Structure formats: C-alpha cells, structure tokens
Amino acid sequence: MQAHAHPQPLVFVPHSEARVLHLIRHGEGFHNVAGEVNEEFYKLEQYRDAHLTERGWKQAALLGQHIRSANMPVELVVTSPLTRTLETACGVFGRPALQKNAPGPLLMTEQEGLEGIRVQRAALSGQGVPRIIANEMCRERRSMSHPCDQRRPVSHYTRTFPAVDFSLLEHEDDQGLPLADVTPEGREKVHHVRARARQLLQWLLQRPE
C-alpha cells in the first residue's frame, strides 16, 4: 500500500503584504548573434561585455510599451552589472533626453555606433524612471573563458549610466572566481549560481519596496 503525501494548504497573503517579482532576460546581444553561428565565437575578445544589437534595443522598447500600456507599477529595477542588461533596462524605462540641460542625471549617455560591436543611440533621460540598482548577485552564469560574461570597471558604467545605482559593487574591476567554484571549462559551477540566486532573493525580501 502506497502512502500519499497530503497537499500543502494554500496560504493567502494580503495584497498589501505581497510582492510581485518580474524576471526579464536581456535583449539580443552581438555575442548572441555570433554564438549562433559558432559557439567558439563567445570566446572572442571583441564581444567582451557585449552590447545590444538593434534588434535587442527594439525588444527592450517593445517591453517598455507593454509595461506602460498594462499600467504595471514598477518600484525597483535590479540589473546585473553587464552592458547588455544595463542597456536593456535603459531601453525599457528610458526616454529620449530632449533637453541637454534637463534636471537630474541621464539614464544613459549618447552612444556612438561601431559596426558589429554597438549601435548608435541617443542619450536617455533619467526623469520618471524607477530606481535602478546594479547587483552582482543577479549576474548570469559567469565564465573565465567567455569575455562576453566579464564586466567592465565600475567607473566606466558610472560614466555611461549616470542615473543607475552602482553602490553595491565592491570592486572597481571584475573579480575572478575561486578555483573550487569553476568547472574545468572555466564556467561557474551550477551550485554557486544557485547560492547567488538564494542570496539575491533574501536581499530582495529585505528591500522596502
């Protein structure tokens, strides 16, 4: 005779106490396009901390339109400190900076295009944008062999994305992983990624938003 587990009772939480978390993947990056042709291209230096493609920027804009049309309240945006995720957040929530002397910092400064590396983009205003915080804990699986997964110095990001909060980043330069947390292929071990995800959720639960 088999024992059947009893279903867990439903727990109802008042709406005022509930938190809604939306998980969003970054838009298409130049490294993604290259990697679809040949996975070895992920290891090319030219795709270090890759930018969004034109399609990736359009994907971000479409998501922003959806959020506004659905009247979704957004109190906080948390992004990993990589260019493609920061550009995605800017593409979703940013607006064109119509005035050069507009009050408040820019969300993103003007970007000059470079064929196959980055697309030309106008500066984006930080006015009316929810708070955006960069957090190392929500980075995707890190790799010592894939330059596209390695971030730039914090000083570069603060110049490029002035309205984003980078105060949680403890080190100016990207830090390597302990050998115990790296596979023979140079990728971050899955158990380490899971541990970071749990830390991120705990951090989010302590937030006031």
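Predicted model: local features only at pLDDT ≥ 70, side-chain atom pairs only at ≥ 80, totals over all residues.

Residues are numbered from 1 along each chain as its sequence is written, and side-chain values use heavy atoms, leaving out hydrogens and water.

The protein chain has five helices and five strands, meaning DSSP runs of H or I with at least four residues and of E with at least two, numbered from the N terminus. Along the sequence they read α-α-β-α-β-β-β-β-α-α. Of the 209 residues, 39% count as buried (under 20% relative accessible area; exposed is over 50%, partly exposed in between, with a 1.4 Å probe and protein chains only).

Now zoom in on helix α5, residues 190-205. Its 16 residues should span 22 Å at 1.5 Å a residue, and the end C-alpha atoms are 23 Å apart, which agrees (the expected span is 1.5 Å times one less than the number of residues). In α5, His192, Arg196, Leu200, Trp203 and Leu204 are buried. They cover an arc of only 115° around the axis, so they sit on the same side of α5; the arc is that of the directions from the helix axis to the C-beta atoms. The face turned away from that buried side carries the exposed residues Arg194, Arg198, Gln202 and Leu205.

What about Leu201? This residue also lies in α5, and Leu201 is partly exposed, with a relative accessible area of 44%.
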